Amino acid sequence: LPSEQEVRFFYAQSAARAPPQKSLWCFFHAFLFFKNAVITQGVAARLNRGVATSPFASFVADLPPLFAEAASGFLNDAELGGPPPEAQHSGPYDAVIFDVGGV
């Protein structure tokens with residue numbers, strides 16, 4: 001498997017950009033894991049209602065806290081409580097960032 005640094009390089013090369021700073025890279029990972037926490041929470045909700053269709057639903061239903069913890073860990077690695085300065089925008093479409101600390 002490639003190292004994290006190699007992945008950042010390949011990502012930058014394919015996007016025709018400079019490699020992202022560590023804080024931005026950590027924020028990307030945090031967003032990914034938070035998104036997966038939300039998706040797997042939906043599976044858990046369907047399982048609890050008895051309408052889950054996947055035979056793997058009971059396994060997936062246990063994942064939301066792990067994904068949320070991973071997201072929080074990436075934010076802590078970047079020493080951020082929200083998006084890094086290079087990811088912030090000023091305008092009417094600013095993102096709302098939730099603090100997932102302690103989840």
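A residue counts as buried when its relative accessible area is under 20%. By that cut-off, buried residues make up 29% of the 103 residues in this protein. The model is predicted.

**Stop 1: the whole chain**

Show everything as a cartoon. The protein has 4 helices and 0 strands. Read from the N terminus, the elements run α-α-α-α.

**Stop 2: confidence**

Colour by pLDDT. The mean for the protein is 80. Of the residues, 76% reach 70 or more. Next, select residues 89–103. There the pLDDT is below 50. Beyond near neighbours in sequence, this stretch has 11 contacts in the model.

**Stop 3: helix H1**

Select residues 4–15, which form helix H1. Check the length. At 1.5 Å a residue, the 12 residues of H1 should span 16 Å. The end C-alpha atoms of H1 are 16 Å apart, so the model agrees.

**Stop 4: helix H2**

Select residues 22–49, helix H2. With 28 residues at 1.5 Å each, H2 should span 40 Å. Its end C-alpha atoms lie 41 Å apart, which agrees. Gly50 follows H2, and its phi is positive, near 80°.

Now show side chains in H2. The buried residues are Ser23, Leu24, Trp25, Cys26, Phe27, Ala30, Ala37, Thr40, Val43 and Ala44. What covers the buried residues of H2? The cover includes helix H1 (4–15), helix H3 (57–60) and helix H4 (64–77).

**Stop 5: the rings**

Select the aromatic side chains. The structure holds 6 aromatic pairs. Start with Phe33 and Phe67. This pair is tilted, with 5.9 Å centre to centre and 45° between the planes. Phe33 lies in helix H2 and Phe67 in helix H4, so the pair ties together parts 34 residues apart in sequence.

Is Phe67 buried or exposed? Phe67 counts as buried because its relative accessibility is 18%, and the cut-off for buried is under 20%. Phe33 has 22% relative accessibility, so Phe33 counts as partly exposed.

Phe74 has 22% relative accessibility, so Phe74 counts as partly exposed.

For the last stop, select Tyr11, Trp25 and Phe28. Ring pairs link these three residues into a cluster. Trp25 is also among the buried residues of H2.

How values were computed: Residues are numbered from 1 along each chain as its sequence is written. Side-chain values use heavy atoms; hydrogens and water are left out. Helices (H or I, at least four residues) and strands (E, at least two) are DSSP runs, numbered from the N terminus. The expected span of a helix is 1.5 Å times one less than its number of residues. Buried means under 20% relative accessible area, exposed over 50%, partly exposed in between (1.4 Å probe, protein chains only). Contact means heavy atoms within 4.5 Å. pLDDT is the predictor's confidence in each residue, from 0 to 100. Rings of Phe, Tyr and Trp (its six-membered ring) pair if their centres lie within 6.5 Å; planes under 30 degrees apart count as stacked, over 60 as edge-to-face and the rest as tilted.
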